[in-house]
Amino acid sequence: MLFWIISAALALLIAALFALALLTRRAEAEHPAAYDLRIYRDQLKEVERDLARGVINEADAERIRTEVGRRVLAADAQLAIADVSSQQPRALTIVIAATIALILTGGGVAIYTQLGTPGLGDLPHKARLQASQDLYSSRSSHEAFLARLPVRNAPQQEAGYLELVERLREAVASRPDELQGQQFLAQSEARLGNYAAARAAQSAVIRLKGEAVGASDFVTMAQMYITEADGYVSPEAEAALRRALRADRTDPVARYFLGQMWLQNDRPDRAFGLWSQLLNEGPEEAPWIAPIRQSIDDIAWLAGVEYTQPAPSEMATDMPGPTVQDIENAGEMTPEERQEMVQSMVQRLNDRLATEGGTPEEWARLISAYGSLGDEGRARAIWLEAQQRFADTPDALETVRRGAARAGVDQ
């Protein structure tokens with residue numbers, strides 16, 4: 001109601017100003033005929049003075065009086081016409097003023113009904129926060145959200161691979177306390193799209209690791225929930241992310257998905273705090289940087305923050321990573337397509353290091369990327385290969401070890 005009161009008052013005020021301008025006679029500039037009339041009268045007086053001094057005779061004086069008098073009459077006529085034309089009809093003026101007021105008020109209401117939201121109530125800051133909290137508290141569970149998604153076909157796999165996975169299932173069932181077997185099973189079931197079975201195996205991994213469990217283990221669990229739900233961060237996924245951050249409060253993947261969760265629950269301010277920090281930390285080639293760059297300007301605007309993105313780090317200019325086109329395309333992709341894009345970039349780096357070699361920083365980045373993607377087996381295998389490659393250069397090996405630590409495979 002307050003909005004309508006303010007809007008109506010502003011419209012009426014503007015209409016009143018227009019009406020006042022129409023109804024009030026403004027003081028006009030002097031008409032040119034009035035100036036001429038003063039000149040002619042001065043000329044008549046000058047004629048009389050010249051006649052008295054004998055400068056001119058009576059005949060000349062009469063001739064001048066006649067000419068000047070004719071001009072005086074013409075000027076008087078012009079003034080009379082101007083005075084009559086300046087008298088605007090008051091009734092018509094009132095009608096015009098009323099029409100302007102009607103157009104301003106009625107037209108404004110008509111436009112608002114088309115472009116605005118007439119039934120929307122006031123949304124003070126406290127009410128918006130409460131609405132976001134209600135949305136967060138009442139969001140669907142993972143299973144309830146899945147029930148609303150269309151049925152998807154399982155990804156096609158080669159028959160030989162399916163046989164291997166079946167044999168792996170049998171082996172893990174016979175030896176359920178073997179950590180490596182559960183890890184392979186979790187990865188294999190996720191690849192097949194059997195996310196419930198993958199989560200069961202991942203839960204076993206977390207249980208078997210005991211005190212050695214790391215943030216990446218919980219992130220892997222969360223990613224299984226999120227990927228199956230097409231990017232939706234359910235309460236179950238959030239719980240896994242929270243456990244990851246309790247294990248390592250700096251884990252970038254957990255912070256990225258937590259920011260995604262806040263966006264889904266109408267809290268751009270919290271999402272901006274997480275994602276802007278990730279963007280500042282880098283590295284530029286990290287899988288989460290491209291989607292953050294694509295959307296963080298809009299998130300900052302929604303959060304009411306004046307923000308300018310930091311420039312890509314100089315380190316990233318000569319190292320493989322997402323191109324400008326990759327970043328632009330990421331905003332138009334589905335979660336599955338975006339995941340494929342990230343995996344493709346990681347695979348390109350993997351292929352180049354396998355064939356051409358690379359710097360310790362690139363090896364560390366590859367191991368960290370596979371850890372972020374939840375492919376701990378691949379990250380561990382590359383870490384073992386890197387230890388052999390950099391065995392004679394302790395400083396380089398330490399750089400690679402930091403990447404393995406981020407992936408949780410440095411033990």
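Modeller: Two residues are in contact when heavy atoms of theirs lie within 4.5 Å. The model is a predicted one. The residue to look at is S234. It sits in the loop between α10 (215-228) and α11 (235-247). Is S234 buried or exposed? Its relative accessible area is 0%. Buried means under 20%, so S234 counts as buried. Which residues does S234 touch, not counting residues up to four places away in sequence? They are R139, S140, S141, H142 and Y225.

For context, take F18, in helix α1 (residues 2-23). F18 has 44% relative accessibility and therefore counts as partly exposed. Together with I14 and L104, F18 forms a nonpolar patch on the surface. The accessible area of these three together is about 250 Å².

Helix α17 (residues 360-372) packs with helix α19 (residues 394-407) at an angle of about 10°, and their axes are 7 Å apart. Angles under 35 degrees count as roughly parallel, so α17 is roughly parallel to α19. On the α17 side, the residues that meet α19 are P360, E361, W363, A364, I367, S368 and G371. On the α19 side, they are A396, T399, V400, G403, A404, R406 and A407.

Notes: Residues are numbered from 1 along each chain as its sequence is written. This is a predicted model: local features need pLDDT of at least 70, side-chain atom pairs count only at pLDDT 80 or more; totals for chains, interfaces and linings use all residues. Side-chain values use heavy atoms; hydrogens and water are left out. Patches are made of residues with over 30% relative accessible area and no salt bridge: like charges are joined within 9 Å, nonpolar side chains (Val, Leu, Ile, Met, Phe, Trp, Tyr) within 5 Å. Accessible areas come from the Shrake-Rupley method with a 1.4 Å probe; for residues, only the protein chains shown count as cover. A salt bridge is a side-chain nitrogen of Lys or Arg within 4 Å of a carboxyl oxygen of Asp or Glu. Helices (H or I, at least four residues) and strands (E, at least two) are DSSP runs, numbered from the N terminus. Buried means under 20% relative accessible area, exposed over 50%, partly exposed in between (1.4 Å probe, protein chains only). Axes are lines fitted to C-alpha atoms, for helices over the stretch in contact, and angles run from 0 to 180 degrees between N-to-C directions. Angles under 35 degrees count as roughly parallel, over 145 as roughly antiparallel, 65 to 115 as roughly perpendicular and the rest as oblique.
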